[in-house]
Amino acid sequence: DVQPTPRAPHLRRLEVLALERDRRRGRANLGGTSPHHAGDGLRAALVGSGERVTLGEEVELAQRYLAIEQVRFGERLQVRWKIDPLVARARVPSLLLQPLVENADKHGVEPSPTGGHIRIRAQAHHGRALVTITNTVPEGKPRKGHGMALHNVRERLALLHDLDMRFEAGPIEGGRFRVRMMIPLGRDTPA
């Protein structure tokens with residue numbers, strides 16, 4: 001009898017979120033009925049066929065992820081959302097925001113003994129959705145990542161929107177890190 005391999009806590013949270021999203025959409029559990037196979041469903045959702053979702057769906061998934069992290073960190077994690085309903089229908093690759101808010105959490109909140117702040121904002125701007133994720137960075141030597149999530153999100157956006165998108169990421173004044181994306185709203189979305 002083969003035992004499932006243990007998963008890192010953030011992967012278990014992603015599995016739960018992906019399964020919940022599929023349940024709401026009326027999809028079967030792609031990974032089977034056992035919780036031990038939940039990761040298979042997540043992998044299928046991640047690899048998928050380049051599924052497009054709405055920015056509103058992505059915001060909902062990121063909110064669920066941060067709600068789980070809020071239980072974990074309590075008052076150490078301060079999150080502020082400002083989402084313009086006009087941008088909710090913009091088409092984006094699935095799992096666009098979650099890796100970015102996870103990065104903000106992992107590199108901004110988790111290593112700081114006092115916690116940190118994450119701000120997610122999406123607004124209509126000249127026929128595009130301007131999405132900004134800003135987080136505080138702990139004082140001292142910041143936790144260096146590999147940049148994989150940033151690279152993957154940038155590449156997936158470029159595949160979907162080619163030259164009609166913009167992606168910027170880097171440190172800004174006040175000891176913060178910011179990711180900024182400009183995404184087309186689409187023809188059926190008012191600007």
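This is a predicted model: local features need pLDDT of at least 70, side-chain atom pairs count only at pLDDT 80 or more; totals for chains, interfaces and linings use all residues.
Trainee: How many helices and strands are in the protein chain, and what makes a stretch count as one?

Mentor: Helices (H or I, at least four residues) and strands (E, at least two) are DSSP runs, numbered from the N terminus. By that rule the protein chain has five helices and seven strands, and along the sequence they follow the pattern α-α-β-α-β-β-α-β-β-α-β-β.

Trainee: What makes E6 and E7 a pair?

Mentor: Two strands pair if DSSP finds at least two bridges between them. Strand E6 (residues 166–172) and strand E7 (residues 176–184) have seven bridges in the antiparallel sense, so they meet the definition of a pair. Gly170 stands opposite Arg178 in E7, while Arg166 has Met182 of E7 as its bridge partner. E6 and E7 form a hairpin with three residues between them, and Gly174 in the turn has a positive phi of about 80°.

Trainee: Which strand pairs with E7 over nine bridges?

Mentor: Strand E5 (residues 128–136) does, again in the antiparallel sense. In this pairing, the bridge partner of Val131 in E7 is Met181, and Met181 is also the bridge partner of Phe167.

Trainee: Why are E2 and E6 called edge strands?

Mentor: Five strands form an open sheet with mixed pairing, in the order E2-E4-E5-E7-E6. E2 and E6 are the edge strands, as each pairs on one side only. The twist averages 10° from one strand to the next, where axes are lines fitted to C-alpha atoms, for helices over the stretch in contact, and angles run from 0 to 180 degrees between N-to-C directions.

Trainee: Which helices lie against this sheet?

Mentor: Helix H3 (residues 55–73) lies across E2, E4 and E5, running at about 165° to E2. Helix H5 (residues 148–161) packs on the sheet and touches E6 and E7, with its direction making about 10° with that of E7.

Trainee: Why is Ser112 called buried?

Mentor: Buried means under 20% relative accessible area, exposed means over 50%, and partly exposed is in between (1.4 Å probe, protein chains only). Ser112 has 6% relative accessibility, so Ser112 counts as buried. Ser112 sits in the loop between helix H4 (97–109) and strand E4 (116–125), and touches Arg76 and Pro138, not counting residues up to four places away in sequence.

Trainee: How exposed is Leu86, then?

Mentor: Leu86, which lies in the loop between strand E2 (77–83) and strand E3 (91–93), has a relative accessible area of 35%, and therefore Leu86 is partly exposed.

Trainee: What makes the phi values of Leu95 and Asp162 worth noting?

Mentor: Most residues other than glycine have a negative phi. Leu95, however, has a positive phi near 55°, and Asp162 has a positive phi of about 50° although it is not a glycine.

Trainee: Are Leu95 and Asp162 buried or exposed?

Mentor: Leu95, in the loop between E3 and H4, has 6% relative accessibility and so counts as buried. Asp162, in the loop between H5 and E6, has 53% relative accessibility and therefore counts as exposed.

Note on methods:
Residues are numbered from 1 along each chain as its sequence is written. Side-chain values use heavy atoms; hydrogens and water are left out. Contact means heavy atoms within 4.5 Å.
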